[in-house]
Amino acid sequence: MDRILELKDVCVTYSNKEKRVYAVKNVTLSLDMGDSLGIVGESGSGKSTLAMALLRLHDESSTILSGNADFMGRDLISIPQEEMNELRWKEISVVFQKAMNSLSPVHRIGAQVEDIYHVHEPKATSDQIKERMVELLKLVNLPERVYRLYPHELSGGMMQRVAIAISLLHSPKLIIFDEATTALDVVTQGQILNEVVQMEKTMNMTRIMITHDMSVVAASCNKVAVMYAGEILEMGMVTDVFKNPLHPYTKGLISSLPSLFGTNDSLHAIAGNLPDLSQEIIGCPYAPRCGNASEKCFSAKPKHVSFDNGRFVACWLYEGGGRDE
Amino acid sequence: MGKYIIKRTISGFITVILVFAMNFFLFKMAPGDPITTLMGTKATSKAMRHALEVKYGLDKPLIVQFISYLRTAAHGDLGISIIYNRPVADMIGEKVGATLLLCLTAAIIALVIGTAMGIHAARKEGGVYDVIASGTTYAFNSVPSFWLGLMLIIIFSSGLKWLPSYGMVDNRADYTGMAYVMDIIMHMILPTLTLTLILIPQYFRIAKSSVLQVTNEDFIMTFKAVGMNNKTIFNRYIFRNAILPTVTIFGISVAYLITGVTLIEIVFAWPGMGRLMMTAITQRDYPTLMGSYLIMAISVAVAMLLVDIVYALLDPRIRYE
Amino acid sequence: MKELKKKIISVCKVIASDHQLLAGVIGLLFIFFIIIFAPLLVTDNPYHYGDDILFRVGQGGHILGTNHMGQDIYSMLIYGMRTSFKVAVISALISGILGVVIGGIAGFFGGKVDIIVSEIINVFMMLPTFFLILLIVALFGNSIYNVMVVIGITTWPSNAKLMRAEALTLKQRTFVKSAEAMGESKSQRLNKYIIPNGIFPVVSNTTMGMSNAILTEAGLSFLGLGDATIISWGQMIYTGKQYITTAWWISTYAGFAIIITVIIFYLLGDGLNHVLDPKYSKQGR
């Protein structure tokens, strides 16, 4: 399996004259071609920040990036914006959350698709572009006439599919879905996830799925990374992590999903709130909310403990290391 | 789109009628009436008054008077001026051109300059240009238009003697052709400059805030993620979206424009509608007043209708309501 | 006593947080100073028709010169502030109260009342209201009180529009609906909840309206339709027009006075807008 993306100690810090916010701290993970990684976490856990930073879409003047993000031989964090522009959409594309507002409301969808296409293929003709787009629209189960419509004439679900189709224009190697189905109803969400998974079977696509919804990850990803307060607490194959969660936070997340079987007397929630990200956190960020926390958890940051199958967890409970399933 | 135009036209029509009705009844309520003026203060004969009222149709109920006025107006007859004894329609016809010349020139120049300034200030927000431009336009927004006109006259007419201070043409000279046009232009510079300076601030304000707002919209992020260069993003998408509020403001400001023009016409003795109305008010020349007001109300309604249509052409979301 | 002190301090903090509001409040204090201490600040009685006709700036002890009736320009400017302030406040109050009541009723009660009121508002917003004011003043008399009332009754629609929009959103809010469920009458709900909560945009709009009122009064006076018996800056510009080439100071300084005062009210209005509207404020409410 070829490695497509390798993150090492990626940090994202927002900085203005008043204070600093440590949004993402020392994220280390790797992704192979064909993987579908779900990055899961609460609101404010830093997952969207990480994605935006990898694409260098944040405000350069007020954000500090550090670390290494190797994408097929290039470090996304340090290359200049002009080089980044070459990669954008051709190699990496994004599907954003609010698809309804992801295109200009006063231009037709087709006209905007042409502009987008021309950024990397300035010589392409209108017919060629339309042909390509219609092909993609078919993949997401949308009729050809969508091409001539305005964004407000489509429903939320349809616009989301359009956004997915647009993200595939140049057949990029990596697509990032940033909370792409969060704004949709459950039924539409299910349909779209199915379509995406079907699509992947025919195309050689690597996907990062950013979401707060564990069920989305379970339904459509093969790997999962659990993020909290800007740090990755656990990562591994979906089957491994869901069947046998190691980190107390992961356990809490999974048990908070209501079961389809039996009676549901009460919902399990994780008590407490996210820590203040403007403070540097010394120990494990989850310690204040963790039932298994010991003194060590508050004073020293847990090291990554690795297992087979690309599994690792950052928790002092597994200090002994190398436990088999 | 067609349905939208029809709807708006009907609504505009109703508004014009309402506006005009309000004025018609306002005149009737005012102290003093034309019959007394005609009769003179000494005459008290009731029979004479009654005869005159019948002659001018003033004995009929107000509604009937209103409707008959509208009917004759629809035929282009706006009555006869009491003071000048000329058809009101003719008098208005002579002056309308001068007012439109001033109005439209100033409005368009202000729109272009104000919007361009606002866009530039938004792109370099917080910079030196922004601070100076915002401060200056803030000040000009607070300036009385007629006073500004007077100040410009002091500086450029009596002070530097570069430009004439009143009228539209030099009545003593007998220019024709190109010289005539140049003469008008020379006379136009100061009044147009005054009106333009007063109008620029609102276009500046709306353009700046609009560009700032659109730049923060989600779809701009999409284009950045696609790798589109900033110039294309700005010219094709930010501009097109940000221009919408400017169009709206243009429509709203038409009503203001008319009042602004009047004051300036007085200052510069410009022979336009504003001056016509002012003299009619002071002389209680009701037919001229009513005729002028009707024309004004119609112009505002037409202008706003045109602006609405332009807006609908630019913003597809409106068309499909 | 401590409660009051705490409140005053927090109000001061709010004022200091926004540049425009701060500038506006300082300007307002300046205006109050001039209004209150006017008799002490003037060099001559501004109503006094003196012998010093058309004196230049600085001539004969007249800081800013005199006009053709011998009145001292500087003193007239000081007293003119009272007039402008009166015009601004009274017309704004009339306009504001009318707007809040009519807009609140239209938005809250809805139905036919709302339709009629909305039509009236639309008509007014299309009218060149200046001409309406002109006509009314010309027809019904030009005393300063007429002018103030007329400005007030022709500018309420913009306030009504704002209040109506607020009423429409507020009446859907839970706390209003629960008051209804508890049995409070419609007028009770209107007065206790809708108006006090929805009045904020009207406050800043009214403050801007004060600026416009001053400019309108000046415009009316300039056209000869103002009240010639009182001292107003607009009147000064009007009387100075005939002497514009010979005695430019009569009109010029009055204009500057107008500009400064109008800017102060605009700053206040803008600042209030920032502070009262949670979308604009930096801290959020």
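I began with chains A and C and found that no contact joins them, their closest C-alpha atoms lying 14 Å apart; I count two residues as in contact if their C-beta atoms, placed from the backbone, lie within 7 Å.

I note that this is a predicted model, in which local features need pLDDT of at least 70 and side-chain atom pairs count only at pLDDT 80 or more, while totals for chains, interfaces and linings use all residues. Residues are numbered from 1 along each chain as its sequence is written, and chains are lettered from A and ligands numbered from 1 in the order in which they are written.

I then looked up the two pairs of chains that touch, and the most contacts are between chains B and C.

For that pair, 30 residues of chain B are in contact with 31 residues of chain C. On chain B, H1 (2–29), H6 (128–141), H7 (145–159), H10, H11 (273–283) and H12 (286–314) each supply at least two residues to this side, helices being DSSP runs of H or I, at least four residues, numbered from the N terminus. H7(B) gives the largest share, seven residues. By class I read 25 nonpolar, five polar and no charged residues, where Ala, Val, Leu, Ile, Met, Phe, Trp, Tyr, Cys and Pro count as nonpolar, Asp, Glu, Lys and Arg as charged, and the others, Gly among them, as polar.
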